[in-house]
Every structure is written in C-alpha cells, then in structure tokens.
Amino acid sequence: MSHLDELINKRRSIRKYKTDVPPEDWINSMIRYAAMAPSPKNSRPVRFIKIVSPESRDNLYRAMANGQKRRLQSAQKSSTPNKLKNRINMYWRFSKFMFDAPVLFAVGAVSPERGSSGKLPRTGINKKVGRGDTDIDITVGLAVKGFLLKGEELGLGTCIMTAPFTFVRDVENILGIEDVKIKCFVTVGFPDEKPDAPERINVADICREI
C-alpha cells in the first residue's frame, strides 16, 4: 500500500478532540498544501480564516443556537413535527462540536467576479450560466482535501462541515468578513476517538461509460 493509499484509507471525520493545541507550524504546513490545489487560471481564490477570538466564537455559537431554536419552533407547526425536530437536532449535534475543537477555520473564496469565470459575463458577451459557483466550489474542495490529508500525515484529526449553514446563512456578517464567501467550516486537533471506517461505494457504482 502506498503512502497516499494509507493516508486516504486512514482518514476519518473526527468530532472529538484532545485539548492539546496543534503546533502552529503544523497548521501552516496544512495550509501550504491547501494552497497547492489547482484553481481556474491559477486564480487561487481559496481563503482559510482561523476563528480565534472568543467574541467571534461566541457570536457564531449564539447565532447558530438561535437558528436552531427558530427551526425547532417552525417544526412544531408542520404535519410531522417530531420527524423534523429529530432531523434539526441531528444537524445541531453535527455542528456544535466544532466549538470544542482546538482549531476552527471558516473556509471560503474571494468573489468569483474577480476571477476568470467572471470575465465573459463582465464583458456582456455571455450571461452568467446557471451553474452557480461550481468552479469555486470545486477549488475549495480540492484545497480542503490537501489540508485534510496533510493533517492526517501529521497525526491530526479534521472534519469538514456544512451542517452549520442549516442554522446560519449570514456567516460573513456574523464573523465580520467582507471579502470572502464562506463555503464550509473545518476543525483540527489531536483525535480523541477512532471512528470505524464508513461504508464506501466501489468504482462501478460511481463510474460508467456512455
């Protein structure tokens, strides 16, 4: 088994961490690997924002907790309140652990209008097509993948999350970020759990010829 095979096979999403804070140079090396990800026209739009101030963390936690409360209240008015409440509470469990992680990042990208994907729309030659921020989302995903694998090599646990967006939509306003559209959150720390390998699908399930 190659080193890359081992890293990919061993990596798990970690939601329970020890209290020790990973060395800063380890985190920086993870970000350096993220920065090596390909991007459209080498536009390098991905940004990692480390949330360190207690005020920022508290603001985000309160906004998410309020969002959970509002959604639970809305669920009460539905025809299947218990089913919806269980789903909302599941998303909450998969979100709030991030505040116990030693290191928490919000990860996103600068506006695609500044990149190559916005050049034709800016000239008026081509209207914006309905693929949204697909190229930016792919670029963020590739960068985070490099970040996670370098962390795995260093013995650090990580978890990428979009569940918090269930409760807050205006993350940028809450965190006071003006130039980056946040796409996900990523936690980092020394693992304090060893999750079993989740079920995977095989090549034939995800690949076909046409």
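Modeller: A residue counts as buried under 20% relative accessible area, as exposed over 50%, and as partly exposed in between, with a 1.4 Å probe and protein chains only. This is a predicted model in which local features need pLDDT of at least 70, side-chain atom pairs count only at pLDDT 80 or more, and totals for chains, interfaces and linings use all residues. Residues are numbered from 1 along each chain as its sequence is written, and side-chain values use heavy atoms, leaving out hydrogens and water.

Colleague: How many residues of β2 are buried?

Modeller: Strands (E, at least two residues) and helices (H or I, at least four) are DSSP runs numbered from the N terminus. In β2, eight of the eight residues are buried, so this strand is largely enclosed by the rest of the structure.

Colleague: Which strands pair with β2?

Modeller: Two strands pair if DSSP finds at least two bridges between them. β1 (residues 46-50) pairs with β2 in the antiparallel sense over five bridges, with Lys50 opposite Phe105. β4 also runs antiparallel to β2, joined by eight bridges, and Val110 stands opposite Val180.

Colleague: Which residues have the most contacts inside the largest nonpolar core?

Modeller: In soluble globular proteins, nonpolar side chains tend to be buried together. A nonpolar core is a set of buried Ala, Val, Leu, Ile, Met, Phe, Trp, Tyr and Cys residues joined through side-chain atoms within 4.5 Å. The largest here has 29 residues, and Leu60, Met64, Met98 and Phe185 have the most contacts inside it. Helix α3 supplies the largest share, five residues. A second, separate core of 20 residues includes Ala37 and Cys184.
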